[in-house]
Amino acid sequence: QVQLVDTGGGLVQAGGSLTLSCAASGRPFSDYVMGWFRQAPGKEREFVAAISRRGFDTDYADSVKGRFTVSRNNAKNTVYLQMNSLKPEDTAVYYCAAEMRELPIRGKYTYWGQGTQVTVYS
């Protein structure tokens, strides 16, 4: 069991940057692969990024490659999503997710944060 609290969302102008954080508690954080997802109003939840247990491997949706960076600090039980060059279409509720596995880093996730709203305006 792991509990996830994702924070850092807010309002940002197009072209700006924002960093989301996801703090985990309850179990050793390094046991989990981590993912980020987002869901815009009226749309399905979509994959954004994933990171391996040690943080050496990452995966990104094509829509965010080159703009977003996922990282983790296992000593702080925290995963991050650094978002640069934000676009209005990035507006969504962002969720972090965790799964106790080694591979694949992208796939099923059992545990989810509550979500944090990111709004990008022109």
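The largest nonpolar core of this predicted model has 37 residues. A nonpolar core is here a set of buried Ala, Val, Leu, Ile, Met, Phe, Trp, Tyr and Cys residues joined through side-chain atoms within 4.5 Å; buried means under 20% relative accessible area, exposed over 50%, and partly exposed in between, with a 1.4 Å probe and protein chains only. Met34, Trp36, Leu81, Met83 and Tyr94 have the most contacts inside this core. Two or more residues each come from β3 (18-25), β4 (33-39), β5 (46-51), β7 (68-73), β8 (78-83), β9 (92-99) and β11 (116-121). Strands (E, at least two residues) are DSSP runs, as are helices (H or I, at least four), numbered from the N terminus. In soluble globular proteins, nonpolar side chains tend to be buried together.

Residues are numbered from 1 along each chain as its sequence is written. Local features need pLDDT of at least 70 and side-chain atom pairs count only at pLDDT 80 or more, while totals for chains, interfaces and linings use all residues; side-chain values use heavy atoms, with hydrogens and water left out.

Met83 shows what surrounds one of these core residues. Leaving aside residues up to four places away in sequence, Met83 touches Gly16, Ser17, Leu18, Leu20, Arg67, Phe68, Tyr94 and Val118, where contact means heavy atoms within 4.5 Å.

The core strands β3 and β9 also carry the cysteines of the one disulfide, a disulfide being a pair of cysteine sulfur atoms within 2.5 Å. The sulfur atoms of Cys22 and Cys96 are 2.0 Å apart, and both residues are buried. Because Cys22 lies in strand β3 and Cys96 in strand β9, the pair ties together parts that are 74 residues apart in sequence. The torsion about the S-S bond is about 55 degrees, so the disulfide is right-handed.

Aromatic rings are the next topic. Rings of Phe, Tyr and Trp (its six-membered ring) pair if their centres lie within 6.5 Å; planes under 30 degrees apart count as stacked, over 60 as edge-to-face and the rest as tilted. There are five such pairs. In one of them, the ring centres of Phe37 and Tyr109 are 5.4 Å apart and the planes stand at 75 degrees, so the pair is edge-to-face. Phe37 is in strand β4 and Tyr109 in the loop between β9 and β10 (111-112), 72 residues apart. Tyr109 also pairs edge-to-face with Trp112, at 6.5 Å centre to centre and 75 degrees between the planes. Tyr109 counts as buried because its relative accessibility is 7%, whereas Trp112, at 33%, counts as partly exposed. Phe37, Phe47, Tyr109 and Trp112 form one aromatic cluster.

Within that cluster, Phe47 has Arg106 over its face, at 3.8 Å from the ring centre.

Definitions and conventions
Lys NZ or Arg CZ within 6 Å of the ring centre and 35° of its normal.
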